[in-house]
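Hello,

Here is the structure you asked to look at. Please open it first, then read the notes below it.

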Amino acid sequence: MALLWLGQQVVSTSNRVWFPLSRSLSCSSRVQQSWTDSREQPVESPEGPVFSRSSIGTFFQDKPLLKNPFLEDALLRNYLRRHLPSRDVEEDLTKFGERIVQEVDALGLECEENPPRLKHFDAWGRRVDRILTCPAWACMKEISAEEGLVAAGYERRYGEWSRVYQMSKLFLYAPSAGLYSCPLAMTDGAAKVIKSLGEASSVEEAFQRLTSRDPKRFWTSGQWMTERKGGSDVASGTETVAWPQADGTHKLQGFKWFTSATDADMTLTLARIPDKDGRTKQGSGGLSLFYAEVRDGQGNLNGIEVQRLKDKLGTRQMPTAEVLLHGLPAHRISEEGRGVASIANMLTLTRIHNTVSAVASMRRMVQLSREYATKRFVFGKFLKDHPLHVQTMARMEVETRAAFLLLMEVCRLLGREEGGVASDMELHLLRLLTTVAKLYTGKQAVAVVSEGLECFGGQGYIEDTGLPRMLRDAQVLSIWEGTTNILALDVLRCISKTSGQVLDSFFADVKMKTLGVGADHALRPAVGAVNSALSTLEQFMRSAVQRPPAVMEMAARDLAYTLARVYMGALLINHACWDGASQADVYAALRWCEQDLCPVVTKDARSNYDPKTKAMDSALVYEGSSLET
């Protein structure tokens, strides 16, 4: 086994064993001194490249190159030029885009190829439960602080546009982040919750650390909600008990089945406080929200045992674990019994971050695909000259543009809400669109990234290219923070709780966004399609109140898709109407609006929501099964 000594790091060229580098080295130095990647440094003989005289020939396909993702994204640059025309923003994102190419992307690859591992015991048999991550993971934390990837949302340097600025940076960062974007999502969500609850003295320092630009002070937060009963139903699934202590704190006893970013510095979690007889109140009314620091002053886990790391389909770069809480010191930061209500702000932020990652993965796949198409020569010409291939990439581009504009609109609304300048209509839209955006873009990402792999042929299926990882990681986006069906039902609850006001705001805003398109404008077909879909949707919703509740539950998913497609169409039209719009902007709007924008009405006309359908669906699914009823 050949060993290479690189400073304080030992690299094995056979099984790639590594030992952490000294913390005194810079992140870039650590990257330069990491293990040698034979794919980047082909072995050469004195006579020339290996196989140079072999009968197999000398051809090697050039790989797609990652270029500055900000400079390569015309839609992002034009959006910011339209809404946030700040030279500082453009210069910062240009510089950050270059850092992604020169430094961050290599770190992300190292995180992928050196996933976390769990060390239960030290050499002397003591239980330590240390989660060991590679040096690149620590570098990502430093970079996140330096670039203000969380801080930018709270410094409010750009007023109501601060969230747009922050999320634009995260949009560039996420595809190269080696999943460090996930801890940042939870960190942002925790900071939002703490700020909304008034920054009590027990968590004041935590808030300052979560939003710090100082790498030595910066903290990340976990989000430990899911237990063995699991899923989105935390009201009935949470069994952790918070035992009151004499000093006003609590000690948590319970088992968390899925803890994201288990190596974080702190966490927010739900638990039930027992009464004097030791009984706990069930349901959401018995849950309170707690803040806990993961380690004590000596760096040891604080009343926590890590049972095992999760073996996941994707997102392998991030440590996710099952943990046993046995006396974890914690501070209650919500009113007693108001835990679920208190995490609403966290869900808003993490769902927006989920949307950022979804759209960013789509954009990165399109950028790599189109770059590769300029250098892959088959059947007598480059891929970029094959009409069918370009058509496929164009369809991916249209999906990505629609998703991007929806993401930015949600970020804009969040910024206005946090700045205290949002109208009632904008607040309704933020509540509705946050859920719709997460739901729809999560599904889009899987489809676009999967389609993108085909643009590389067999290379898209080879792990060494890094492309398969993009598809594995995209799959979590439709699951984390609520599956598609859970979020679709959340859309129904949103409509019900506001007595339909969110829909009134939706209809009004779509109409406003499509105003001003003249009768002879090239966009008229798109406007006609949106207006037609809006009209039929209004009719459907008016008739829905006369139908059994079960009908709307069956229609929930298609309704959410309809809301997404109609609103995305309106956003594409609106963007294509501004003075700086290009012909590509107009073309994208027209292409988007050619599809069925109102699937809920189309499927209703086909009796998809007929009361008899449930029994027929069940009979179809379970036919021939031992579970058939």
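This is a predicted model: local features need pLDDT of at least 70, side-chain atom pairs count only at pLDDT 80 or more; totals for chains, interfaces and linings use all residues.

The largest nonpolar core has 163 residues, and within it Tyr173, Leu268 and Phe506 touch the most other members. Helix H18, which covers residues 549-576, contributes 17 residues to this core, the most of any element.

Setting aside its neighbours within four places in sequence, Tyr173 is in contact with Phe96, Ile100, Val104, Met140, Ser144, Leu149, Tyr180, Ser181 and Leu184.

Next, the domains. The chain is split into domain 1 (74-211), domain 2 (221-342) and domain 3 (498-622). I looked at how domain 1 and domain 3 meet. Their C-alpha centres are 35 Å apart, and 4 residues of domain 1 are in contact with 4 residues of domain 3.

The size of an interface is often given as the accessible area that is lost when the parts come together. Between domain 1 and domain 3 the buried area is about 440 Å², with 58% of it from carbon and sulfur atoms.

What about polar links across the interface of domain 1 and domain 3? The count of salt bridges there is 0, and 1 residue pair is in polar contact.

Regards

Methods
Residues are numbered from 1 along each chain as its sequence is written. Side-chain values use heavy atoms; hydrogens and water are left out. A nonpolar core is a set of buried Ala, Val, Leu, Ile, Met, Phe, Trp, Tyr and Cys residues joined through side-chain atoms within 4.5 Å. Buried means under 20% relative accessible area, exposed over 50%, partly exposed in between (1.4 Å probe, protein chains only). Helices (H or I, at least four residues) and strands (E, at least two) are DSSP runs, numbered from the N terminus. Contact means heavy atoms within 4.5 Å. Domain bounds come from an automatic or database domain assignment. Buried area is the accessible area (1.4 Å probe) that two parts lose on being put together, summed over both. A salt bridge is a side-chain nitrogen of Lys or Arg within 4 Å of a carboxyl oxygen of Asp or Glu. A polar contact is a pair of N or O atoms within 3.5 Å; within protein, one must be able to donate a hydrogen and the other to accept it, and residues adjacent in sequence count only if both atoms are side-chain atoms.
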